[in-house]
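Student: Could you walk me through reading a ligand site?
Tutor: Gladly; let's look together.

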Amino acid sequence: MSSAAALAAIKDRIATAERDAGRPAGSVTLIAVSKTFGVEEIRPVIAAGQRVFGENRVQEADAKFPILRAETPGLEVHLIGPLQSNKAREAVALFDVIHTVDRDKIAAALASEMARQDRRPRLFVQVNTGEEAQKAGIAPAEAVAFVERCRTVHGLAIEGLMCIPPVDDNPSLHFALLDELAARAGVPGRSMGMSADFETAIRHGATHVRVGSAIFGGRPSQA
Ligand SMILES: *Cc1c(COP(=O)(O)O)cnc(C)c1O
């Protein structure tokens, strides 16, 4: 199946999942995760109408999206991978949405770059719902207070929360937890669900699903 046909199939499944969950049509944004794929592979997906993309590395995104944006106005690029504070400058310059704010140091670096560049990417806080040592994200018990600190200490508006459930767990528990934390934090966005589980995420209130391999095909190595 071509990536354009795969995209159409995913959009159909999102529409069905929205309907089944009793949610309004169009309430879920599809982020096409293009990490590891080159501009040649991304172009057909843009030609098929997709405008929202996700990348997990600042440098990789910077090598591809200035070219693609020059060809097609209106592309929206989301950072879904971990952010180091020394990359805050590039990240603020490049991305429309950053999903991986997870500590005060990053929040402070983003706030200062946003003021300096007068650019305001939309922001999500990543929550480590599985409390995995190797995974980025703030601990669930600290998430609500951290969102509040982003507002009050750093002056940042937070649009939502994001999570990546542990690979071997039932994702429903993690999606339900993220939904509950977002409600308690008073933020509307829930960035959750990938190729294998986006319909489950939509049932639990996902507003943004991040789908890569189901559109672009398998990646050479897990990136
Ligand atoms: C790679 C990645 C995705 C997409 O994963 P697929 O299983 O290919 O859909 C989603 N979210 C994050 C944070 C990723 O790194």
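Student: How far is the polar side-chain atom of lysine 35 from an oxygen atom of the ligand?
Tutor: A polar contact is a pair of N or O atoms within 3.5 Å. Here the lysine 35 atom lies 2.7 Å from a ligand oxygen. For serine 195, a side-chain N or O atom is 2.5 Å from an oxygen atom of the ligand, and for arginine 219 the distance is 2.8 Å. The protein buries 89% of the 380 Å² that the ligand exposes when taken alone (Shrake-Rupley areas, 1.4 Å probe).

Student: What kind of model is this?
Tutor: This is a predicted model: local features need pLDDT of at least 70, side-chain atom pairs count only at pLDDT 80 or more, and totals for chains, interfaces and linings use all residues. Residues are numbered from 1 along each chain as its sequence is written, and side-chain values use heavy atoms, leaving out hydrogens and water.

Student: Is strand 8 covered or open on its faces?
Tutor: Buried means under 20% relative accessible area. In strand 8 (residues 208–211), His208 and Arg210 on one side and Val209 and Val211 on the other are all buried. Strands are DSSP runs of E, at least two residues, numbered from the N terminus.

Methods
Buried < 20%, exposed > 50% of the residue type's maximum accessible area, 1.4 Å probe, protein only. Helix = DSSP H or I, 4+ residues; strand = E, 2+ residues; numbered from the N terminus. Polar contact = N/O pair within 3.5 Å; in protein donor to acceptor, adjacent residues only side chain to side chain.
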